[in-house]
Amino acid sequence: MADFDLVILGGGSGGYACALRAAQLGLKVALIEKEKLGGTCLHRGCIPTKALLHAGEIADGARHSAEFGVKAEFHSMDMVAVNAYKDGVISKLHKGLQGLVKSRNITYVEGEGKLVSATTVAVGSESYIGKNVVLATGSYAKSLPGLDIDGKQIITSDQAIHMGYVPKSVIVLGGGVIGCEFASVWKSFGSEVRIIEALPHLVALEDESSSKALERAFRKRGINFELGVKFKSVNQSASGVEVLLEDGKSFAADLLLVAVGRGPTSAGLGYEDVGVKMDRGYVLVDNKCRTNIKGVWAVGDLIPTLQLAHVGFAEGIMVAEEIAGLNPRPIDYDGVPRVTYSEPEVASVGLTTAEAKKRGIEVKELNYDLAGNGKAQILKTAGAIKLVADSSGTVIGIHMVGSRVGELLAEAQLIFNWQADANDVGQHLHAHPTLSEAMGEAHMALAGKPLHAHG
Ligand SMILES: Cc1cc2nc3c(=O)[nH]c(=O)nc-3n(C[C@H](O)[C@H](O)[C@H](O)COP(=O)(O)OP(=O)(O)OC[C@H]3O[C@@H](n4cnc5c(N)ncnc54)[C@H](O)[C@@H]3O)c2cc1C
């Protein structure tokens with residue numbers, strides 16, 4: 001007999017969101033977590049990195065204060081204090097989350113679980129039996145063959161968020177979201193930074209225009225990068241690392257951050273033994289996150305969808321609602337907002353021009369330069385908003401670069417997900433002077449009535 005309606009394995013973004021929503025819907029829930037409730041996002045991902053980025057923003061503010069007529073001086077980073085600030089944020093959110101789980105009468109189990117049947121998760125000698133089992137064991141930082149993480153000179157984001165000092169120089173292997181965010185943090189903290197990326201661009205999943213704008217901005221900040229070249233090997237010595245590339249170049253630094261992506265945490269957890277269909281460690285699911293085994297579901301970084309906390313939340317909530325019989329709508333993954341929180345930020349929703357063309361869509365594009373936006377000038381940020389529309393005028397992609405543009409995604413994702421066209425958006429007022437005006441102006445220009453734009 002099942003003791004629970006749902007047994008959830010993994011208490012990260014996907015697992016705990018599923019638990020909270022299921023309990024809200026009156027279901028009996030067990031949530032099993034081997035480390036800390038909140039998972040990667042809260043303890044090793046989103047929250048700590050954004051706290052470090054914010055500390056970096058303050059450092060840059062001090063460095064550039066004279067440009068704004070403020071007499072201040074950047075002296076140095078106090079990493080003990082930075083970490084205390086960052087850990088304070090995490091601790092407060094962790095406590096809040098623990099209280100939330102408790103208040104919803106969720107059975108919280110501390111321990112390492114293993115799937116032993118389609119209805120049962122074993123934790124030590126205890127068995128937790130559910131009518132449904134939700135797999136939410138997340139992901140881990142990958143490395144490359146022959147590149148061993150020693151946690152000191154060769155590290156991943158797991159160690160990078162706890163650094164007790166500012167390295168004089170860093171090589172960042174991987175110019176994706178995590179690599180670019182750490183490159184930005186360390187540059188702001190005062191390190192010499194060089195990114196190595198095998199693909200032709202930084203943040204290569206973004207629209208090419210955004211990648212190029214970020215590359216321009218990073219170059220201006222003095223962040224070095226090598227694009228389109230693969231890592232070959234690394235030598236370590238007492239003084240640091242020397243990274244060799246396949247084109248014959250080599251670079252020395254104190255530290256190598258390996259940021260080459262994240263793989264699913266599924267090895268040895270019983271999934272395959274129970275017959276769950278997998279591909280390269282990822283659990284395969286349908287558009288409602290159902291695996292091939294009835295009553296077994298999977299969410300978050302463990303499945304091959306976008307590895308983002310809010311995707312995990314959405315998948316967890318969808319599974320809870322599906323189990324409760326609410327028949328929720330499947331997630332439209334094109335409509336997921338995406339942000340790289342570097343300085344400047346890169347934010348997007350919908351299709352890139354390249355992806356739209358691949359799907360055979362005839363596209364119209366519009367670039368609105370932030371040079372025409374008052375608030376952008378006040379902040380002294382450069383960047384742009386690019387709109388991609390289909391031939392009927394419906395906006396199918398919004399791509400932004402600039403300080404704080406991540407905040408504009410709230411509107412951008414509504415525009416995309418509500419399938420708005422340029423006229424719909426252009427007629428709405430945007431407060432002056434805000435960055436959000438650039439969103440309005442871009443749509444006015446796309447509708448053929450630009451205000452603060454040439455042409
Ligand atoms: C450096 C970094 C920065 C990031 N920044 C952002 C960001 O700004 N915005 C964003 O949206 N996303 C960000 N992410 C991604 C985000 O953290 C993940 O997408 C999200 O945490 C995935 O949630 P999840 O529940 O699938 O997995 P996780 O959060 O990894 O949770 C899985 C949980 O399962 C537990 N677990 C695993 N195996 C077992 C077992 N056998 N028994 C019991 N428990 C187990 C783990 O301990 C873990 O707590 C970032 C990630 C990193 C690494």
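## Overall shape

The radius of gyration used here is taken over C-alpha atoms, and the globule rule is 2.2 Å times the number of residues to the power 0.38. With 455 residues, a compact globule would have a radius near 23 Å, and the protein agrees because its own value is 23 Å. Its C-alpha trace spans about 70 × 60 × 45 Å along the principal axes.

This is a predicted model, where local features need pLDDT of at least 70 and side-chain atom pairs count only at pLDDT 80 or more, while totals for chains, interfaces and linings use all residues. Residues are numbered from 1 along each chain as its sequence is written.

## Secondary structure and core

You will find 14 helices and 24 strands (DSSP runs numbered from the N terminus: H or I of at least four residues for helices, E of at least two for strands). Buried residues, those with 20 or more other C-beta atoms within 10 Å of their own C-beta, placed from the backbone, make up 47% of the protein.

The largest nonpolar core has 133 residues, and Ile8 and Leu135 have the most contacts inside it. Such a core joins buried Ala, Val, Leu, Ile, Met, Phe, Trp, Tyr and Cys residues through C-beta atoms within 7 Å. Helix 9 gives this core its largest share, nine residues.

## Around the ligand

Among the 37 residues around the ligand, Gly10, Gly12, Gly39, Gly138 and Gly300 come nearest (a residue is near if its C-beta atom, placed from the backbone, lies within 6 Å). Helix 2 (39-44) is one of the elements that supply at least two shell residues, and its four residues are the largest share.

Methods. A residue is buried if 20 or more other C-beta atoms lie within 10 Å of its own, exposed if 12 or fewer, and partly exposed in between; C-beta atoms are placed from the backbone.
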